[in-house]
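Here is a short report for a first look at a structure. Take in the sequence and the model, then read on.

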Amino acid sequence: MSSEDTVAALSTPPGEGGIGIIRISGPKSFEIGKKLFFSSREITNFKNRKLYHGYIFDRRNNKTLDEVLITFMKGPYTYTCEDIVEIHCHGGMIPVREILQLIFSLGIRPSEPGEFTKRAFLNGRLDLTQAEAVMDLISTKTQNLKDVAMKQISGKLKEEISHLRTELITVLSNLEAKIDFPDEEIDVEDMSSLKERVSYIRKSLYELIESFNKGKIIREGVKTVIVGRPNVGKSSLLNILLGEERAIVTEIPGTTRDTLEEVINLDGIPLRIIDTAGIRESTDKVEQIGVKRTRDSMEEADIVLVVLDSSQELKDEDKKILNMARDKPSLIVLNKADLEKEFHEGTVNELAPDIRKVKVSALKKEGIDQLEKYISELVFGGEVMETDEIVITNERHYNSLKKTDNVLASAENGLEAYISEDLVSVDIKEGLEILGEITGESAGEDVIDEVFNNFCIGK
Ligand SMILES: Nc1nc2c(ncn2[C@@H]2O[C@H](COP(=O)(O)OP(=O)(O)OP(=O)(O)O)[C@@H](O)[C@H]2O)c(=O)[nH]1
Ligand SMILES: [Mg+2]
């Protein structure tokens with residue numbers, strides 16, 4: 001890709017819409033825009049960023065393609081830092097396609113996925129973390145990821161990484177001064193003070209790395225598996241949490257034969273709720289497979305909701321299920337609280353003393369707020385998402401931070417043991433390099449391509 005190229009794409013979603021916006025970016029964009037646009041008024045000189053009304057005209061067959069608004073935006077103060085023309089046409093498939101075909105017939109290339117943002121990156125307007133946040137902002141379905149993405153677009157992560165790199169450069173220049181002038185009385189920091197600096201950097205790295213637990217939840221959601229004996233009300237619970245009759249509910253035990261997944265938004269966290277087949281010994285082949293799937297999804301679960309029917313005695317199967325859920329963060333849902341209680345709460349407390357219990361009635365929709373509150377607390381350990389902390393939500397960033405921390409651990413040990421400055425400086429340089437991959441300062445073409453390949457066309 002070279003910025004000698006001029007590229008074009010539809011930047012709004014394809015389909016029917018009030019308007020469709022076609023963007024052209026690159027050195028030939030103004031020339032092309034002027035060629036295909038016919039203004040409704042006489043214009044001698046297009047002003048920067050002003051909207052003009054007129055028509056797109058195809059000279060090849062003297063056909064007016066659409067009535068549009070057009071704007072000319074002079075680089076470098078544009079999204080890509082290049083000259084950009086935007087055509088606001090009618091948002092139907094046909095007008096958009098006709099105009100794009102006309103543009104391509106004039107020697108303009110269709111843009112690749114994410115190419116406008118890639119140009120913004122290559123032209124230095126965004127770093128990689130900001131570009132990735134643009135993609136998150138477009139694709140996210142939850143408020144929390146959107147908030148994190150907005151922070152990242154504003155450059156918070158970029159600044160933090162750049163601050164850590166500056167610190168590393170200070171350490172490195174001190175080490176190099178020692179290497180270059182070993183015998184001279186020069187004003188450099190001693191090894192223990194350099195170690196302090198590295199410790200401080202590692203502390204900041206640690207906080208970023210730790211935040212990924214939260215970030216992963218924000219991005220991928222929490223896999224929440226509902227398990228229990230047949231007929232205890234698992235599907236009823238899913239329906240209540242979802243707010244619609246998604247799963248089939250009947251009084252027949254063994255109604256749910258296969259796992260079923262739906263996503264709800266709980267306090268900005270995507271909760272991927274999975275309803276499962278009730279666990280019991282069964283000779284029915286379909287049910288056996290369903291039960292196996294239940295066990296499998298339990299293994300992959302982030303949290304488990306064990307549903308018990310409080311209108312019945314606790315059965316051996318309940319105990320088995322409670323046992324299975326032991327290793328996972330879980331909650332015990334005492335369902336059917338609207339009925340007469342048969343059930344020994346004391347036994348449940350004995351069996352699972354550390355697991356929180358919540359009484360609900362899926363039928364009467366009671367206790368559901370409390371259940372949601374407990375789920376939310378289980379997910380974030382009672383912590384509230386702070387609005388101005390940096391949260392790492394991207395696996396690529398996480399991996400690079402971990403790698404940086406590894407080499408800095410080695411540097412820290414080296415400084416502690418007073419080993420040669422040369423060896424420590426190798427680690428520091430490597431740390432600098434890996435941190436630079438996050439922002440793109442030292443990222444290879446493969447990393448950059450990987451990032452932008454995930455983008456949609458037109459952004
Ligand atoms: N009284 C009362 N009945 C309930 C409650 N929750 C569910 N039920 C009833 O219990 C029966 C079983 O409910 P389901 O939601 O199908 O139970 P399940 O755990 O999904 O059952 P399987 O899919 O067979 O494993 C249905 O008749 C529900 O109406 C409740 O809170 N109170
Ligand atoms: Mg069911």
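Does Tyr-418 count as buried or exposed? Tyr-418 counts as exposed, because its relative accessibility is 57%. Here buried means under 20% relative accessible area, exposed over 50%, and partly exposed in between, with a 1.4 Å probe and protein chains only.

## Ground rules

This is a predicted model, where local features need pLDDT of at least 70, side-chain atom pairs count only at pLDDT 80 or more, and totals for chains, interfaces and linings use all residues. Residues are numbered from 1 along each chain as its sequence is written, chains are lettered from A and ligands numbered from 1 in the order in which they are written, and side-chain values use heavy atoms, with hydrogens and water left out.

## Overall form

The chain has 15 helices and 13 strands. Both are DSSP runs numbered from the N terminus: helices are H or I with at least four residues, strands are E with at least two. The radius of gyration is 30 Å, well over the 23 Å that the globule rule gives for 459 residues, so the chain is more spread out than a compact globule. That radius is taken over C-alpha atoms, and the rule is 2.2 Å times the number of residues to the power 0.38.

Along the principal axes, the C-alpha atoms fill a box of roughly 85 × 80 × 35 Å. Of the 459 residues, 49% count as buried. Contact means heavy atoms within 4.5 Å. Among contacts with a separation of 6 or more, 68% come from residues 24 or more positions apart.

## The magnesium ion

Which residues coordinate the magnesium ion (ligand 2)? Ser-235 (OG) and Thr-256 (OG1) do, at 2.0 to 2.1 Å. The pair links distant parts of the chain: Ser-235 sits in helix α8 (residues 234–242), while Thr-256 sits in the loop between α8 and β9 (260–266), 21 residues apart. Both Ser-235 and Thr-256 are buried.

Donors are N, O and S atoms within 2.8 Å of the metal (3.2 Å for Na, K and Ca); water is not among the atoms, so sites may look incomplete.

## Annotated positions

An unreviewed UniProt entry places the feature "binding site" at Asn-231, Thr-250, Ile-252 and Thr-255. These positions are spread over 25 residues of sequence, yet they cluster in space, with a largest C-alpha distance of 8.0 Å. UniProt positions follow the numbering used here, feature names are shortened, and annotations may be inferred rather than shown by experiment.

Asn-231 lies in the loop between β8 (222–228) and α8. Asn-231 counts as partly exposed because its relative accessibility is 30%. Leaving out residues up to four places away in sequence, Asn-231 touches Thr-250, Glu-251, Ile-252, Pro-253, Asp-309 and Lys-336. Ile-252 is placed in the loop between α8 and β9. With 52% relative accessibility, Ile-252 counts as exposed.

Two strands pair if DSSP finds at least two bridges between them.

β8 and strand β11 (residues 303–309) pair in the parallel sense over 5 bridges. Val-227 has Val-306 in β11 as its bridge partner.

## Backbone details

Tyr-418 is found in the loop between α13 and α14 (421–439). Its phi is near 55 degrees, a positive value in a residue other than glycine. Asn-62 is not a glycine either, and has a positive phi of about 50 degrees. Asn-62 is in the loop between β4 (51–58) and β5. Asn-62 is exposed, with a relative accessible area of 60%.

A cis peptide bond joins Gly-75 and Pro-76, with omega about 5 degrees. Pro-76 is in the loop between β5 (63–73) and β6 (84–91).
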